[in-house]
Every structure is written in C-alpha cells, then in structure tokens.
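Have a look at the sequence and the 3D view, and then we'll go through some helix packing and a few charged pairs.

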Amino acid sequence: FVVLSSIGFFYYYTDQKLGETYAQKVFALPQFKTIIVRNSLYIYTLFALVATVGIAVIVILYTHRIVGPLIRMERLMGQMSEGNFEEVVRFRKGDAVHPLADALQNVATKYKERYSIVKELISEMHKDSIELQELVLKGDIKAAEDKRQNIAKRAGDIGKLLSGIKL
C-alpha cells in the first residue's frame with residue numbers, strides 16, 4: 001500500500017511539461033531535478049510520519065494490554081498480602097497476560113483453602129483446650145489425655161499444611 005501510494009504521489013507531483021523544443025527540455029531538466037528531490041522528500045517525510053504515528057499507536061495499545069493487567073495484579077497481590085483472598089483475578093478479553101492471571105488465581109485459591117483449614121483447626125484446638133481444662137478440673141485423666149492427643153494431632157496437621165509453604 002505504501003509503495004503504491006508513493007508511486008501515485010510521486011507521479012502526480014512530478015508530472016510536468018519539459019517544453020516543446022529540445023533546448024527547452026535540456027534547460028528544464030535541472031529544475032525538474034529540483035522538483036523531483038523536493039517532492040520525494042515531501043512524500044517520504046509524510047509516509048515516515050504516518051508510519052511513526054501508526055507504530056506509536058500499536059505500541060501504546062499493546063503496552064496497555066500488558067500494563068493494565070500488571071497494575072490489577074499488583075493491587076490484588078497487595079490485598080492478598082493483607083490476608084484478603086476473596087477477590088477474583090479478572091482481565092479484559094484482549095489482555096496479554098491471561099496465563100499469569102490463571103496462575104495468580106490458582107495461588108490465591110490454594111492459600112485461601114490452606115488458610116481456611118488452619119483457621120478451622122485452630123478453632124477446634126481452642127475448643128479442645130477448653131474441654132481439656134474442664135476434664136483436668138474434673139479429674140478425668142483418661143479423657144484429658146485423649147483431648148491432649150487430639151490437640152497434638154491437629155497441631156501436627158497445621159504443621160504439615162505450613163510445611164508446604166516455602167518462605
């Protein structure tokens with residue numbers, strides 16, 4: 001397209017009569033050369049400007065497909081660092097980093113599951129510790145020992161969950 005347009009513009013702007021006689025044609029050639037050079041510069045400058053603007057637009061559009069999701073992921077990771085795993089990673093259809101979003105969502109889901117399990121185990125341990133205290137006060141050593149073992153098992157479960165997290 002650019003080549004054909006250049007040829008068309010070049011022909012249009014350089015189509016000049018050189019003269020009727022041979023002498024007129026010879027004397028018109030230096031002027032014609034100047035016209036050709038000047039018009040060529042105009043044409044190629046115009047196309048260079050159009051190409052530069054086109055490339056700039058493409059670069060801006062593509063960088064928005066990358067930078068926009070990265071900004072959203074940064075915000076989401078900030079929320080995750082605060083313990084909020086509820087927000088779902090959502091990107092626009094044309095965004096370029098969908099695999100990264102899927103991986104981040106997978107991390108958030110797994111940590112949310114681990115957090116829920118640890119929270120539940122700690123709640124059960126707290127309940128068992130209260131019952132253990134009551135059993136000790138009653139003097140029921142066998143039931144108290146069972147509760148202590150139950151608490152130790154849950155603490156082991158928490159340890160296993162946390163050992164999967166490498167810091």
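K153 counts as exposed, because its relative accessibility is 52% and the cut-off is over 50%. Keep in mind that this is a predicted model. The side chain of K153 meets that of D157 in a salt bridge, at 3.2 Å from N to O. D157, at 24% relative accessibility, counts as partly exposed.

R148 forms a salt bridge with E145, and their closest N and O atoms are 2.6 Å apart. Here the two residues are three apart in the helix, so again about one helical turn lies between them. R148 is partly exposed at 42% relative accessible area, and E145 is partly exposed too, at 31%.

Now for a pair that reaches between helices. D128 and K147 also join their side chains in a salt bridge, 3.4 Å from N to O. This one links distant parts of the chain: D128 is in helix α3 and K147 is in helix α4, 19 residues apart. Are the two partners buried or exposed? D128 counts as buried, with 3% relative accessibility, and K147 counts as buried at 19%.

| Pair | N to O distance |
|---|---|
| D157 and K153 | 3.2 Å |
| R148 and E145 | 2.6 Å |
| D128 and K147 | 3.4 Å |

Searching the whole structure turns up seven salt bridges. D128 and K147 also belong to a network of salt bridges, along with E124, E131 and R154.

So how do the two helices sit against each other? The axes of α3 (residues 98–138) and α4 (residues 141–163) come within 9 Å and cross at roughly 160°. That angle is over 145°, so α3 and α4 are roughly antiparallel to each other. The crossing of α3 past α4 is left-handed. Sorted by class, their contact has 14 nonpolar, two polar and eight charged residues.

Finally, a closer look at α3 itself. After α3 comes G139, which has a positive phi, near 90°.

Methods
Residues numbered from 1 in each chain as written. Predicted model: local features only at pLDDT ≥ 70, side-chain atom pairs only at ≥ 80, totals over all residues. Heavy atoms only, no water. Axes fitted to C-alpha atoms, helices over the stretch in contact; angles between N-to-C directions. Helix = DSSP H or I, 4+ residues; strand = E, 2+ residues; numbered from the N terminus. Parallel < 35°, antiparallel > 145°, perpendicular 65-115°, else oblique. Left-handed = near helix turned anticlockwise from the far one by under 90°. Nonpolar A, V, L, I, M, F, W, Y, C, P; charged D, E, K, R; others polar. Salt bridge = Lys/Arg side-chain N within 4 Å of Asp/Glu carboxyl O. Buried < 20%, exposed > 50% of the residue type's maximum accessible area, 1.4 Å probe, protein only.
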